[in-house]
Amino acid sequence: MPAVFTWLKESKSGAFEIDFDVTQKQAASILKIQGRGGSRMSGLIGSGTLGENSYLSNKQRLSLLKSLSEVAKEHNVPLISGAAAETKEELAKIVEGLAKVGVDTVMVMPPKTMEVPTEKEMYEYYALSEATAKDVGVTIMPYNNPDAAGYHALSTDLLLRLSVLPEVTALKISTIDVSIIETLMLENKYLKILAGVDTVTVYAGLAGACGGITGVGCIFPKASVTMQEYILKGDWAEANKISQALNSLSFLDAQPLLLEYLKFAMGIHHNDVTGGLRTFGKKLTQQQIDDVRSRYILAKERLEVLDLIS
C-alpha cells in the first residue's frame with residue numbers, strides 16, 4: 001500500500017498550499033500500475049508521515065483526505081490515515097472526524113504523552129478508538145513504531161490483545177527489528193501484519209507479514225508490487241533481487257528526513273525537481289540533494305536491468 005506524498009504549489013502570496021489536483025493524479029497513477037503477476041496496490045495511505053501530516057492544519061488534512069477518498073473509491077481500495085492524541089477521548093474525536101471524510105481504516109499510533117503509559121492505560125486508549133471505530137463504521141490498525149523518536153513502543157503482549165478486537169483488521173509494525181513480527185506470528189499465525197519500513201520488506205514477509213506500507217513504492221510501484229507478489233508466493237530469491245535493486249533508495253525510508261528525501265526522489269522521477277523540493281518540512285542541503293539524486297539514479301539503473309520501470 002503506497003503512503004502517497006502531498007504535492008504542494010505556490011500561492012499568489014508565495015506561500016505553499018496543497019495542490020489537490022496533482023496529489024490526486026499521482027495517487028491514481030500509482031494505483032493503476034500492475035506488477036508482473038497482474039496485481040495492484042491494495043490500499044491508499046493519505047496524510048501520513050510522507051504526506052506532510054505533522055505540518056498540516058486539521059482543516060487542511062481533512063480536505064486532503066476527502067480528495068483522496070475519491071481516488072480510493074474510484075480504484076476500489078480502502079483509504080487509510082493515521083491518528084494519535086494525548087488522551088483517549090481526543091483520539092476518539094479524531095477517529096470520528098476521519099470517518100466523516102471517507103477514511104476506511106485508521107492507523108492508531110501510541111499516545112502522544114511525555115510519560116510512558118501503563119499497559120492498562122495503553123489498552124484503554126486503543127480500546128476506546130476501536131469502540132468509536134465500530135460506531136462510525138471504520139476499522140483500526142494499531143501502529144507500532146518503536147524506532148521513531150517520541151513514539152512509545154507497544155509490547156507484543158499488548159499487540160496480541162489488541163489484534164483480537166473486532167474492528168482491528170491488521171497491525172502495522174514499523175521497525176527494522178523484524179523479530180517482533182516473527183514473535184507475533186508464532187503466537188498467532190492468523191495475524192495480518194503490515195511492515196512499515198521499505199528496507200526490510202522481504203525479511204518482514206519471511207517473518208510472516210502479509211504486506212507493507214511503502215514510500216519507495218510510490219516512486220517505483222511496478223517494482224514494489226512485483227516484489228510483494230514474489231514474497232506472497234515464497235519466491236525469496238526473486239523478491240530479494242528487487243529489494244537489492246531498490247536498496248539505495250529504500251535506505252532513505254529509515255532516515256529522519258525520509259519525507260524530504262523521498263519526496264525529492266519522486267520529483268526527480270517525474271521530472272519535477274522543483275515540485276519535489278516543495279515541502280513544509282526541512283530544506284535539503286546541496287549535499288543531501290546530490291546524495292538523493294545519486295541514490296535514485298542507481299536504483300533506476302538496477303530496476304531497468306530487471307525491466308521493472310513502469
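**Cavity, pockets and a helix pair**

Sorted by class, the residues lining the largest cavity come out as four nonpolar, five polar and no charged; here Ala, Val, Leu, Ile, Met, Phe, Trp, Tyr, Cys and Pro count as nonpolar, Asp, Glu, Lys and Arg as charged, and the others, Gly among them, as polar. The model is a predicted one, so to speak of local features takes pLDDT of at least 70 and side-chain atom pairs count only at pLDDT 80 or more, while totals for chains, interfaces and linings use all residues. Residues are numbered from 1 along each chain as its sequence is written, and side-chain values use heavy atoms, with hydrogens and water left out.

That cavity holds about 30 Å³, and a search of the whole structure turns up one cavity of 30 Å³ or more. On a 1 Å grid over the protein atoms alone, a cavity is a set of points where a 1.4 Å probe fits but cannot get out, a pocket is an open set with protein on both sides within 12 Å along at least five of seven lines, and lining residues have an atom within 4 Å of a point. Grid points are joined across faces, edges and corners, and a volume is the space filled by probe spheres set on the points. Among the residues around the largest cavity are A195, T201, Q228 and I231. Helix α7 (201–207) supplies the largest share of this lining, three residues; helices (H or I, at least four residues) and strands (E, at least two) are DSSP runs, numbered from the N terminus.

Of its 50 lining residues, T49, M109, Y143, N145 and Y151 sit closest to the centre. The lining splits into 24 nonpolar, 16 polar and ten charged residues, and α3 gives the largest share, five residues.

As for helix packing, the axes of α1 (residues 20–32) and α2 (residues 58–74) come within 10 Å and cross at roughly 40°. Axes are lines fitted to C-alpha atoms, for helices over the stretch in contact, and angles run from 0 to 180 degrees between N-to-C directions. By class, the α1–α2 contact (heavy atoms within 4.5 Å) has seven nonpolar, four polar and one charged residues.
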